[in-house]
Amino acid sequence: MSEMGYEDREQGRPSRGRRAAQGSGGRSKRNLLVIGGAAVAMLLVAACGSDKKPQAAAATRVTPKVYVNTPANSQVKKLAQRTKDKRPLNKNEVFGDDDKTVTHGKYTFTLAGSDLAGDCKAATWGQELQSDLAKYGCTQIARGAYVSNDKQYVGQFLALNLENQQGAEQIVRDLDPASGAGFVSPLAVKGSTNFSNGFSAAYSQTFGHYVVVSWVEKAGGAQPQTMNELLDASIAIERADDFVWERLVLASE
């Protein structure tokens, strides 16, 4: 239970691995792998593409008020080293046609803009985070800005490409706002509803040498009535992680 009085639903929340195995919505890519077991989520409450052109947002210091990290998925150990997965990410791979509209339950989001940067420092803020990104060989940060079809929610899908799983695990610790290390700047898209510095929740997990973050808030940053709103919305945003499962299949061949 957080200091806001919200329940984490640890027993009922689909974990990152289990959600990927559900295959809801007719998505076939996740059916390539069936991930078993329940992930244990730790709720840490912080104190504190598209034809639309993304705007630079490197100086935007926005942090989530709730941060949840799910432990590394052991089923993707073949992606633990980038030496086994050398091909750089490309924008169409991360934000392809299947990821331009993402859905979970009653929540449907459309991709408003996306960016794939080779300069990890430019897309982040915080000296400690940026130092660790350099130390652990961050070569790419993918950011996708999503807006719900009813315009009531906004989301960010983030993916970071590190040298190895050890580095990825350090970065998810850095991203915890309680650490004060820094965070990834949300991608701003001209003419679209963008992230505020209001109440938002970010859900992270390491998949081998990748860090994946699903980050959501109600449009305008209002506090939700229950955390279930942002939790369910985040699962929709998380569906952009298809590239991980495809790369795992390739690594397994």
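**Note on a predicted single-chain model**

1. Surface and overall make-up. The accessible surface of the chain comes to about 10700 Å², and carbon and sulfur atoms account for 47% of it. The model is predicted. Of the 253 residues of the chain, 56% count as buried. Six helices and twelve strands make up the secondary structure of the chain.

2. Helix α5. This helix covers residues 227–238, which gives twelve residues. From its first C-alpha to its last, α5 reaches 16 Å, close to the 16 Å expected at 1.5 Å a residue. The helix is mostly covered, with ten of its twelve residues buried. Among them are Met227, Leu230, Leu231, Ile235 and Ile237. The buried residues of α5 also include Glu229 and Glu238, and Glu229 returns in point 6.

3. Strand β12 and its two partners. Strand β12 spans residues 210–218, and eight of its nine residues are buried. Strand β8 (residues 153–161) pairs with β12 in the antiparallel sense over nine bridges. Within β12, Glu217 stands opposite Val154. Strand β11 (residues 200–207) also pairs with β12 in the antiparallel sense, over eight bridges. Here Val216 of β12 stands opposite Ala201. Strands β11 and β12 form a hairpin with two residues between the strands, and in this hairpin Gly208 takes a positive phi near 65°. As background for reading such strands, the side chains in a regular strand alternate between the two faces of the sheet.

4. The salt bridge of Glu93 and Arg247. A search of the whole structure finds six salt bridges. In one of the six, the side chains of Glu93 and Arg247 meet at 2.6 Å, N to O. Glu93 lies in helix α2 (residues 91–94) and Arg247 in helix α6 (residues 242–252), so the pair ties together parts that are 154 residues apart in sequence. Glu93 and Arg247 are both buried.

5. The salt bridge of Arg143 and Asp115. The closest N and O atoms of Arg143 and Asp115 are 3.5 Å apart, and the two residues form a salt bridge. This pair links distant parts of the chain: Arg143 is in strand β7 (residues 140–148) and Asp115 is in strand β5 (residues 107–117), 28 residues apart. Are the two partners buried or partly exposed? Arg143 is buried, because its relative accessible area of 6% is under the 20% cut-off. Asp115, at 22% relative accessibility, counts as partly exposed.

6. The salt bridge of Lys218 and Glu229. This salt bridge joins Lys218 and Glu229, with the closest N and O atoms 3.8 Å apart. Lys218 lies in strand β12 and Glu229 in helix α5, so the pair ties together parts that are eleven residues apart in sequence. The pair therefore connects the strand of point 3 with the helix of point 2. Lys218 counts as partly exposed at 22% relative accessibility, whereas Glu229 is buried with a relative accessible area of 13%. Elsewhere, salt bridges that share partners join Asp85, Arg87, Glu93 and Arg247 into one network.

7. Aromatic pairs. The structure holds six aromatic pairs. In one of them, the ring centres of Tyr107 and Tyr153 are 5.3 Å apart and the planes stand at 85°, so the pair is edge-to-face. Tyr107 is in strand β5 and Tyr153 in strand β8, and this pair links distant parts of the chain, 46 residues apart. Tyr107 and Tyr153 are both buried. Phe207 and Trp245 form an edge-to-face pair as well, with 5.4 Å centre to centre and 75° between the planes. Phe207 lies in strand β11 and Trp245 in helix α6, so the pair ties together parts that are 38 residues apart in sequence. Both Phe207 and Trp245 are buried.

8. A cluster of rings. Which residues do ring pairs link into a cluster? The cluster consists of Phe183, Phe195 and Trp215.

Technical notes. Residues numbered from 1 in each chain as written. Predicted model: local features only at pLDDT ≥ 70, side-chain atom pairs only at ≥ 80, totals over all residues. Heavy atoms only, no water. Helix = DSSP H or I, 4+ residues; strand = E, 2+ residues; numbered from the N terminus. Expected span 1.5 Å × (residues − 1). Buried < 20%, exposed > 50% of the residue type's maximum accessible area, 1.4 Å probe, protein only. Areas by Shrake-Rupley, 256 points an atom, 1.4 Å probe, with all protein chains shown as cover. Pairing = 2+ DSSP bridges. Salt bridge = Lys/Arg side-chain N within 4 Å of Asp/Glu carboxyl O. Phe/Tyr/Trp six-rings, centres within 6.5 Å; stacked < 30°, edge-to-face > 60°.
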